[in-house]
Amino acid sequence: MDILTHLKSQAEQFEILDLQNETTTIEYEANQLKTCTVAETKGTAVRVIRKGQLGFSASTDPAALEKLAANALESAAYGDPAPFSFADPRPAPIVHTFDRAVADLPIARLVEIGREILDLILPVEPNARCNVSLERSLVSASIRNQKGLDVAFRTSPLSIGVEIDRIEGDDVLILYDQLGTTLWEDDYLGFVRRLVQKLERARTITSIKPGKMPVLFAPTGTLALALPLSEGLNGKEVYKGTSPMRGKVGEKLFDEKITVVDDGTIDGKFASASYDDEGVPHRRNVLIERGVLKGFIYDLKTAAQSGVESTGNASRGGLFAPPQPSFTNFILQPGETPLQEMLAGIDEGILVEDLLGLGQGNILSGAFSNPLALAFKIEKGEIVGRVKDLSIAGNIYDLLKNVAAVSQEAQWVYSTFYAPYVLIEDMMVAGKNQ
Amino acid sequence: MRDRIQEALKHSRADYTEIRIEEKETTRVVFRGRELETANANIDKGGIVRCLIRNKGWGVATFNNLDDLLTKVDQAYQCALVASVPEPVELAEVEPVQQVVTAQMGRDFRDVSLAEKKAVAERYNQIVLGFSDKIIDSQAAYSDSFSRIILANSEGTYIEQEKPAVVVGAFAIARDGDNVQQAHESFASTQGFEYVLDKDELARKAAQKAVELLSAKPVKAGVYPVVIDQMLAGVFIHEAFGHLSEADFVYENPKAREMMTLGRRFGKGILNVFDDGSIPNLRGTTLYDDEGTPARRNWLIRDGVLVGRLHSRQTAAKMGEPASGNARAINYRFAPIVRMTNTAIDNGTTSFEDMIKDIELGIYACDAYGGQTQLENFSFSSGYAYMIRKGQIAEMVKDVILAGNLFTTLDNIDAIGNDFKWLNTGGGCGKGNQYPLPVGMGAPHIRIQNVVIGGE
């Protein structure tokens, strides 16, 4: 039976997502190749709107399509009122996210890349224990609905995650970063070199007197600022009334050096694709422009609830979860100032590379409070050594009102974040026993 | 299917090959506050092939398309070829088994409409919300899952098992000014839909505890004799001790290996602890584990002495001990790892009255609200607690956190109750990426001397 025909006769609206995913994973644990896994997922998720109510069901059993349709219809009998309709067929931008060179990477090559990574780290830091995870996938998705939408797209995500633990006596240093791309990246070791540079720099330990000082966030460190922003800019939180930015579109909330963009249309990036998970074309969404709030990210449902259009930000956490609004690639726009100039202007301050416990606590309120996993002291414009046992806390809705400088230089970090260096002139840095 | 599985196994070039196929139907209904948050059913069907090349290692392939098992076996084999174990992998001997285990349910929840399942969750949600005007938020959930699992390996094992589970839970948040308290109760059964129908008391208890906690005073920090109820004792033995008994943890960690030497005294002679996946109808029961090893009773502590641990076939061979039936996976997307089944402190002889009657000042701590363990150090929050004064249960107190060293604490257990109970709660255990795995816990009341209680 064709599930489409069946649903057509039973519900006002329907949407069928077919998802196929082949993933090969190579994992090194403590510098040893531990496992190799090939995982193939294939399934169908259905949403229906029947008598104005939304239903959902998913299945990985191709023989159970009838049951899948029945489950979705039964779910709709108890579903939320659906004040929206599924996506209209619309032309989407051409986004390059499929690369044979990635999709065809042989297992042996992934194993070799893992070796190359260890060969960069271990000669510099023989005591390091590295966990390296290399994962390449081939994802094909198609979305159809009652409006005649029928789109198919495929991506070839490659992600390489590197975690380095260095334990010497009581000193524990844990570093993590991840490369994520959908097109082959010639400089696939660039992020590992940056990790190695951090390890080398961290050898010199120094100290700093806690208190108010200039704090320079490295691209990895800006995540402390970006996570509360990404929550506050989420249309779901805005609709629920929990975002502090609710009702403030058009207002200047931040320093004019702050511009935030969600962009799922950049070729080759990890969260890029022509369409979102409801078949709405991805687009470039400028959310904060020179400090002024321009808008939020929405999927179809939250957009309808809020009386606006979807921004193409529907995302599903796998087959078995219904779509939710979520960022694609999060971009904190680079600024005007060369990094060297920012450093040169700091007499005594810290460079924040990595924080512990990101995302914990009530970050929706803008507040964050994190111990620093890796920070360096800046003295008279020079990075002089690692400082330990410090923590920072603050609220981004205060901190980002006055930004001293944003660097020209920027990096992709943790796969989906693009960020520059951000300098906050006067921020409280706490010591261990304060 | 059986023919195709056996055909695929026959063609494998690996030293050992294992195929597991799982078909699972789940339903979930959740009320939150006055809103119905979720009401849907999903179907998940797929398989996993594991190949072992002794001098190389394991290769794994997981999939939804069951049409071409031969290709999947080859994929897993190719994966195993790239592995590079430092020493050859051996598997402990297990007698090949051919067996079909069917579920015995009263009313099969697969035949129950979503409307009726929704009504169950709605009823418990109403009970929580209607209990008191101090209740400001609630959550009530109904969920069920029915799995049919086929396990076959190249040594001749072929096992089909059906695993049903139905769970209800109620969660209450009460508020009085800035004082916010919460309580949670859940119940799980493997025996059919009717077993979750008469649980009004469970919803009422969650609401009542949350409201009662509003007027409870924080406990005064100090060192006390503490009596813990079956629930807290069960969670304690699972978290603080059980995980250390998992052999994969022991053999990868030199410090743990030293700590967990068999024959080491762990407590007084009255202390007996076991793990047993063979007891019918418990949450963690699995008559054959995900490597086909039959479940059995594994004594971990006998008369106060460490006598055993939990194994997969690989860890058993590595440590020269027998496989114990504890290789488990949450679903077909994962290879099995060493896990608990139903873990318990065995029944003792002391009545609850005798346990508290000589306590001048102590604490009766009930229910577990969460905890952390790090090697031998643990910290647990009890859900609620009472002071014991002059041999009597007295006023309720809150924020009771038990912290300490596992060995000291086990050694300080000086009375074990005669009121053993299996806890039929609905939670699950997490390890690695695999969560939630259904596990059972059981214990009688136990008394522990000199417990450090944090607080004001």
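Two strands pair if DSSP finds at least two bridges between them; helices (H or I, at least four residues) and strands (E, at least two) are themselves DSSP runs, numbered from the N terminus. The model is predicted: local features need pLDDT of at least 70 and side-chain atom pairs count only at pLDDT 80 or more, whereas totals for chains, interfaces and linings use all residues. Residues are numbered from 1 along each chain as its sequence is written, and chains are lettered from A and ligands numbered from 1 in the order in which they are written.

**Figure 1. Strand pairing between chain A and chain B.** Strand β2 of chain A (residues 32-50) pairs with β3(B) in the parallel sense, over four bridges. Within this view, A:C36 stands opposite B:G59 of β3(B).

**Figure 2. The side of chain B that touches chain A.** Two residues are in contact if their C-beta atoms, placed from the backbone, lie within 7 Å. By this criterion, 27 residues of chain B are in contact with 28 residues of chain A. On chain B, at least two residues each are supplied by β2 (35-53), β3 (57-63), α2 (69-82) and α3 (114-130). The most come from β2(B), which gives nine residues. This side of chain B has 13 nonpolar, ten polar and four charged residues, where Ala, Val, Leu, Ile, Met, Phe, Trp, Tyr, Cys and Pro count as nonpolar, Asp, Glu, Lys and Arg as charged, and the others, Gly among them, as polar.

**Figure 3. Nonpolar cores.** A nonpolar core is a set of buried Ala, Val, Leu, Ile, Met, Phe, Trp, Tyr and Cys residues joined through C-beta atoms within 7 Å. A residue is buried if 20 or more other C-beta atoms lie within 10 Å of its own, exposed if 12 or fewer, and partly exposed in between, with C-beta atoms placed from the backbone. The largest nonpolar core has 229 residues, of which A:I350, A:V352, B:V128 and B:I363 touch the most other members. Leaving aside neighbours within four places in sequence, B:I363 is in contact with B:V219, B:Y224, B:V226, B:A385, B:M387, B:I388, B:V400 and B:I453. Another core, of 21 residues, lies apart from the largest one and has A:L19, A:V48, A:A76 and B:I43 among its members. In soluble globular proteins, nonpolar side chains tend to be buried together.

**Figure 4. The two domains of chain B.** Chain B is divided into domain 1 (2-215) and domain 2 (218-454), with bounds that come from an automatic or database domain assignment. Their C-alpha centres lie 22 Å apart. In chain B, 34 residues of domain 1 are in contact with 27 residues of domain 2. The side of domain 1 that touches domain 2 divides into 16 nonpolar, twelve polar and six charged residues.

**Figure 5. The two domains of chain A.** Chain A is divided into domain 1 (3-199) and domain 2 (204-434), and 23 Å separate their centres, taken over C-alpha atoms. In chain A, 38 residues of domain 1 are in contact with 30 residues of domain 2. Two or more residues of the side of domain 1 that touches domain 2 come from each of β2, β3 (53-59), β4 (129-145), β5 (150-155) and β7 (171-181) of chain A. Here β7(A) gives the most, with eight residues. By class, this side of domain 1 has 22 nonpolar, twelve polar and four charged residues.
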